[in-house]
Amino acid sequence: MARHRNVRNRSYSDDYDYDDLYGHSVEDESCLSPSDTEQWMYDRSRNQQAISAFLDSQNDIQEEAEDEVYDASHPGLERRDSVGLRSLNLSEDEEARLMSCLDELRNVLGDSVPDNVLIQSVINHKFDFNKALDEILNNKQSKDCDRPKEEPVKPLPTVHIEAAKDLVSTTSKAPIVISTNLEPKAKGVVKGFKVSSSDGSSSSSQTPRDQSPIAERGSTPKPDDDTRIVKVKESKVDPKKQYTDERGSEKDHLYIVVIGHVDAGKSTLMGRILCDLGEVSQRTLHKYEQESKKIGKQSFMYAWVLDETGEERVRGITMDVGRAQFETKTKKVIILDAPGHADFIPNMITGAGQADVALLVVDATTGEFESGFELGGQTREHALLVRSLGVNQLAVAVNKLDTTNWSQERFNEITKKLKAFLKQAGFKDSDVTFVPCSGLTGENLIKPPSESELLKWYNGPCLLDVIDNFNVPERPVSKPLRMSINDVFKGTGSGFCVAGRIENGILNKGDKVLVCPTKEMAEVRGLSINDMSSNVAFAGDQVSVTLSGVDIQNVSVGYILSDPVQQVPVTTRFEARLVVFNVKVPITKGFPVLIHHQSLVESANIVKLKALLNKSTGELVKKKPRCLGNNSVAVVDIEVCRPICVERYKDVKELGRVMLRVSGVTIAAGLVTDIYNT
Amino acid sequence: MKLVHKNIEKDGCGSISLIPEESEDMWHAYNLIAEGDAVTASTVRKVQTESSTGSSTSNRVRTTLTIRVETIDFDTQACVLRLKGRNIVENQYVKMGAYHTLDLELNRKFILQKILWDSVALERVDMACDPAQNADVAAVVMQEGLAHICLITPSMTLVRSKIDMTIPRKRKGFTQQHEKGLNKFYDAVMQGILRHVEFSVVKCVIIASPGFVKDQFFEYMMQQAVKTDNKLLIDNKSKFLLVKASSGFKHSLKEVLQEPAVITKISDTKAASEVKLLESFYTMLQLEPAKAFYGKKHVEKANEAMAIEILMISDKLFRCQDVLKRKEYVTLVDSVRENGGDVRIFSSMHVSGEQLDQLTGIAAILRFPMPELEDSDAEDNSDVDSDSD
């Protein structure tokens, strides 16, 4: 199903593929030799001719299609793919009839005929299914006869199968079909052509830079191709269809983790945004103000919005990931407020593992930025961690800039230092945005700045706009279900709840799921997303699931809910490709480490050092090294004390990443390359 | 352990009689006794007697037996040593060659006969009989939802109890569930301490955790002690020592044992010094990789050059079944000593020893760099890997 992959993987995840090769910093990749470039990089100018050829023939089809379905009464219909029913001004009753007709038609025809054509003919025939089908098929036949020149473009092998399937359905379900023998062939031709055309145009729309070296799987498709792609999504892949049905109209969900050194003002910044956006009632805020004043920590009043436990408030630090949500113009943003304290990095990893993008908060106060950024500060470790956890879009909020009187110098100094570091960490310059702001005064958070000192030199977006501009990654909804559990608690009513993030696939109410690694079957009794109950949840969602059929004792944090058929691998030993960070002592065989995998923390041993690799090229430098020093890249075998669920990185990215920590310091990040059966 | 009698010939064969006094001595005995040794100890055996009329009666008799050891079985948690073998001295109840399993018991003498008492074995006897070395420390390493209650003796770290609980996270409006779970967890840890820590023996109780868990727990425990009027806890309040650890897993004990506050309290335990030594090995590996080596091949080569300053070797290697292999290791140890090097035998029951075991069980810090060893890596390491896997 090469075509599906084309569609599913468009735009976003391809960037991941390439950059996530650890050890490839941005600099590394930019100095390729010309021959390499030729081999791996797509050059738009080189292939111009080929593409123009494509475009030509594509136009051909397009025109024909337009001729065929042109109807003055419904202008604009023909260019649309998705069923824009609203624009048709139909009554509810008619709409329902139209939908049922469409469903029938699709059953018979598959996706070979665009929806708009279907709608048109259904309306023309006053919702008479048989007549409409007749018309469509007849039209097609005549059209196909007109186009013998299409024949040589041979369909792909997979297409044959599809075509054959269609043949069966056509003959069995619709006896009115006039000519069945010509049908599948002609269809196949059209399909085969579509594949190549979408391929060509999608790769042409890419810049050579973000092209994946492995395969030119389509990224952002051209607008006029979009039509076809969405259609495929709807009618072919069931989960995809469900996803678009459920979520098509809603705003995209974006999960953002807020990271930074302790006392950088993460919680305060977020609290302030929530307050300014009106997510916190005036009364609550007043209460917080009074109470915080009482214990002499008035500056913490906004932080209290997110720090809820008494412990956190008394100590004035975040200890566990706090969460809240707000909406921007185009997105529904769920923030995960990570603790900055070094002791709570395990919690921070849990939070970051669920996030799509990150917001790094740095304290601009003289001395504070330095202490957070220099060795031992969390700014570095957090940034490295989120990068290793797969976050590649980052906003940097240069906080507390009011204390330096909005000095541009200070802002530039911090920006310069961070830019160099973040580049080294593997963030692309284009994916990192710096915003000056102040959490306590609320400057430049949701509104453009009003401070004259800041206005003098800053005219960029405010923080909210930056968040709004993040790209939402593609959700792998059609893969088998994987959901990592990060919380287990007793809910109201029967059963108990687990909360976590769906990494892959969809979860419906009533589904049977397998709780791994214990491999117990459970049934999903209820689902709720952000405290709103729902019937279905998709990849990328944070859900709490009410389970029945298993005991609460047998489920713990770090377990995976998996599809019962396509199960998640359970193992105690796996091979990983490590990138070693700055370590005090080298890693040897038998090194005991704590392994962080999603929200799971487990003690593990590095049992074998297999190979030391070149940091930039990935070539083998030394087999079976004695030890791994600073900033090395290596292939190792890791053995875990208890069985855990991991996936190969190439299969499921989120479940293929591990962090290794020793005595409170992150020493390495790894990608699972192989899983041994134990 | 009490040494009662020692009779060793010039050629190294001979016998030693010992009386184990505490459970730790069983560990020493386990390390002393090898397959093929003869052990004499008092034991209980069920004996069947047949009368002249043909009716048989069976009764249990206490008798002293000498067996040739065939299998050694040691339960680390209960500190029980079982020796199985054939009887080699006939007596009225047991025939020659009959199998018997000896359970070594505390405060009962046993005689151990060896064909060869090597230096390592003799050293072990000395160490076991040294009365100065007993300072027991209890340590609780914990994090939210996970705790290990351990007992650290000079040559062993015993995990007495592991508490693993899922604590619900804090979530909007549900913070009480988190706090309830936390209290339940603290209560379990406290019960564990009361059950497993003998305050009369233990010198101090270390509570180690990341963040504020240790403080919260200590506070909770003392509150509960006052509430339930638990004299034991209140009286021993001064024995508790709160230190920082990075996690609640067992190997973070290593960090705990490196804390200066802990070192002053337990300076004479072997555990702390072993941790320190292993740490210095790793530092050397980082700074001067040509002066730190591990794996038998490398270490042997370094020894040939008389380069070894400190040899770290796990006692697991001396317990190996293969007599020849043991001999090799003993020669290595002897020759390092001869050359003026320091030999430390790590207890594989400590965290550091566990790590050394993983690291092929043998490692050395050299006096001078030997980069040529490093270069010959490729072929050597394959051997090292194969014999350790």
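Contact here means heavy atoms within 4.5 Å. This is a predicted model, in which local features need pLDDT of at least 70 and side-chain atom pairs count only at pLDDT 80 or more, while totals for chains, interfaces and linings use all residues. Residues are numbered from 1 along each chain as its sequence is written, chains are lettered from A and ligands numbered from 1 in the order in which they are written, and side-chain values use heavy atoms, with hydrogens and water left out. Chain A and chain B bury about 4200 Å² between them.

- A:Asp363 is found in strand 4 (residues 357-363) of chain A; helices (H or I, at least four residues) and strands (E, at least two) are DSSP runs, numbered from the N terminus.
- The relative accessible area of A:Asp363 is 6%, so the residue is buried; buried means under 20% relative accessible area, exposed over 50%, and partly exposed in between (1.4 Å probe, protein chains only).
- Leaving aside neighbours within four places in sequence, A:Asp363 is in contact with A:Asp263, A:Ala264, A:Glu368, A:Phe369, A:Asn399 and A:Lys400.
- The side chain of A:Asp363 makes a polar contact of 2.5 Å with that of A:Thr365 and another of 3.2 Å with that of A:Lys400.
- A polar contact is a pair of N or O atoms within 3.5 Å; within protein, one must be able to donate a hydrogen and the other to accept it, and residues adjacent in sequence count only if both atoms are side-chain atoms.

**Chain A as a whole**

- Chain A contains 21 helices and 24 strands, and 55% of its 678 residues count as buried.
- Among its contacts between residues at least 6 apart in sequence, 72% join residues at least 24 apart.

**Nonpolar cores**

- In soluble globular proteins, nonpolar side chains tend to be buried together.
- A nonpolar core is a set of buried Ala, Val, Leu, Ile, Met, Phe, Trp, Tyr and Cys residues joined through side-chain atoms within 4.5 Å.
- The largest such core has 81 residues, and A:Leu359, A:Val396 and A:Leu422 have the most contacts inside it.
- At least three residues of this core come from each of domain 2 (252-468) and domain 4 (570-675) of chain A; the domain bounds come from an automatic or database domain assignment.
- A second, separate core of 56 residues includes B:Met142, B:Val213, B:Met222 and B:Phe240.

**The interface of chain B and chain A**

- The contact takes 44 residues from chain B and 57 residues from chain A.
- Of the area buried between the chains, 51% is on carbon and sulfur atoms; buried area is the accessible area (1.4 Å probe) that two parts lose on being put together, summed over both.
- Two salt bridges are found across the interface, a salt bridge being a side-chain nitrogen of Lys or Arg within 4 Å of a carboxyl oxygen of Asp or Glu.
- B:Asp164 forms a salt bridge with A:Arg642, with the closest N and O atoms 3.3 Å apart.

**Backbone features and a covered helix**

- The peptide bond from A:Cys516 to A:Pro517 is cis, with omega near 5 degrees, and A:Pro517 lies in the loop between strand 10 (512-516) and strand 11 (520-529) of chain A.
- A:Ser663, although not a glycine, has a positive phi of about 35 degrees; this residue is partly exposed, with a relative accessible area of 36%.
- B:Asn107, also not a glycine, has a positive phi of about 60 degrees and counts as exposed at 54% relative accessibility.
- Helix 1 (residues 23-32) of chain B is mostly covered, with nine of its ten residues buried.
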